Every structure is written in C-alpha cells, then in structure tokens.
Amino acid sequence: MVHAILFLFVFVTQVSAYRVCPKCGKSKVPYPLSADGNCGDPRYRIYCNDGVLEFMSAQGFYYKINRINPKTNKLVIKPPSIEEDTCYSSDLDQGGLILDESLPFNISTRNTVMLFNCSDNILLSPLNCSSSSFCRKFEEFEEGYGCKGTLCCHYLKDLSMTSHRIRVRVGGCTAYTCVVDKQANDSIESWNFGIELQWLPPF
C-alpha cells in the first residue's frame, strides 16, 4: 500500500512539473506536446510559427499540423506540396519525411502513401504500380496534375516497413502524397489528405 501511494505521488509530481502550453493561434497544444521550452514535455517538441502549429522532421523541414487528437496520441501533418512543373515534392532535397528515431514519434499504419515520377526499378517492389493504383486518381486532382503520366505506385504503411521515413529521391520516386484511413471505395473528394503520426505516452 505504501509503495502504491509513493508511486502515485511520484507520478503526480512528474506530471505537475510540466505545464500545458498556451494556444498557438487558435489551436490548442495538449500535453505532452511542447510548443516552446517552458511547457509540455520537451521530448514531444512541435513548433508554433506565426500562429501555426508545425512539426519538424529530423532534416529540419517543417510540416503544418492539420489536427491533433490527444485521446489517441496522434496528430496529422499536411503532406508536402508537389511542384507542378517538375513533379518534385517540396521536401525532395531532404529525402522526404524522415523522423528522428530517438524521439517518441512514428508514422502510423493508417497511411496510404502514393509515390510519383518513379524509376522503373520500383516495378521490382511489391507496391501496387498498376493502372488501378490509387495514384492514378490523384493525377486527375489539381495538385497531382503535374505528375500525370509518370510511373506511380501506392502502398499501405504497415508494421513490416520503417515507421520513421517516407523516402523520395532523384533516381527513385521524386514526389509523394498521403491519405489517412483510406477505404477502397472512397471517392477522391472524400480522401483525408495528411500523414498521421503517433506518439508514445510519456509514462
């Protein structure tokens, strides 16, 4: 009984040592996320830039945070933009989305990733690069029009893949986008564009 009370005291003391961050613009910053050095848990660092919440990759690239669900320990970031004239993702120079593996964030398994402007080598992979791939629908979408006619593929991010990277590179695939919780029969109008990240709880 004494040990249980002592554990509870230590737990409450640790939680109270951190304070919840103030809003960033109109967005709440729930614990344990930390938008500056004086609130939240510093291991769960995100950024408030000009009233907009952003997530920074291991390479120093910023992605806008679309929404946060503290009940499920998840947040959704906006995929990088795709340059219309080149079919290059805006984070191509950084190699795509790369998470710091020493931090408690990873890419969830509810993401359907679409790759564009790929080399023929990708046809040796198990990815769906057929004419029925979801990426063909995205080519008809305004942002994907610049990639129309390129070799494209899609895959569901699963536990057998690295949970810390979506890779693009010249000589491989140069652009990508992502949809959260995509169902087979969803119309493109209902696609939930974003990259869902999840975090491990602090205790």
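In which sense do strand S1 and strand S2 pair, and over how many bridges? In this predicted model, strand S1 (residues 21-24) and strand S2 (residues 27-29) pair in the antiparallel sense, and they do so over 2 bridges. Within this pair, Cys-24 stands opposite Ser-27 in S2. The two strands make a hairpin, with 2 residues between S1 and S2.

Next comes a sheet. Strands of a sheet are held in pairs by backbone hydrogen bonds, and the pairing can be parallel or antiparallel. Here 6 strands form an open sheet in the order S3-S4-S5-S6-S15-S10, and the pairing is antiparallel. Strand S3 (47-49) and strand S10 (105-107) are at the edges; each has a single partner strand, so one side of each has no neighbour in the sheet. From one strand to the next, the twist averages 45°.

Asn-69 has Lys-74, in S6, as its bridge partner.

The nonpolar cores remain. The largest of them has 37 residues, and those with the most contacts inside it are Ile-77, Leu-97, Leu-115, Ile-122 and Ile-195. What does Leu-97 touch, leaving aside its neighbours within four places in sequence? Leu-97 is then in contact with residues including Tyr-63, Ile-77, Ile-107, Ile-166 and Ile-195, and also with Asp-91, His-164 and Arg-165. Another core, of 13 residues, lies apart from the largest one, and among its members are Met-114, Phe-116, Phe-138 and Ile-188.

Methods:
Residues numbered from 1 in each chain as written. Predicted model: local features only at pLDDT ≥ 70, side-chain atom pairs only at ≥ 80, totals over all residues. Heavy atoms only, no water. Pairing = 2+ DSSP bridges. Helix = DSSP H or I, 4+ residues; strand = E, 2+ residues; numbered from the N terminus. Axes fitted to C-alpha atoms, helices over the stretch in contact; angles between N-to-C directions. Core = buried A, V, L, I, M, F, W, Y, C linked by side-chain atoms within 4.5 Å. Buried < 20%, exposed > 50% of the residue type's maximum accessible area, 1.4 Å probe, protein only. Contact = heavy atoms within 4.5 Å.
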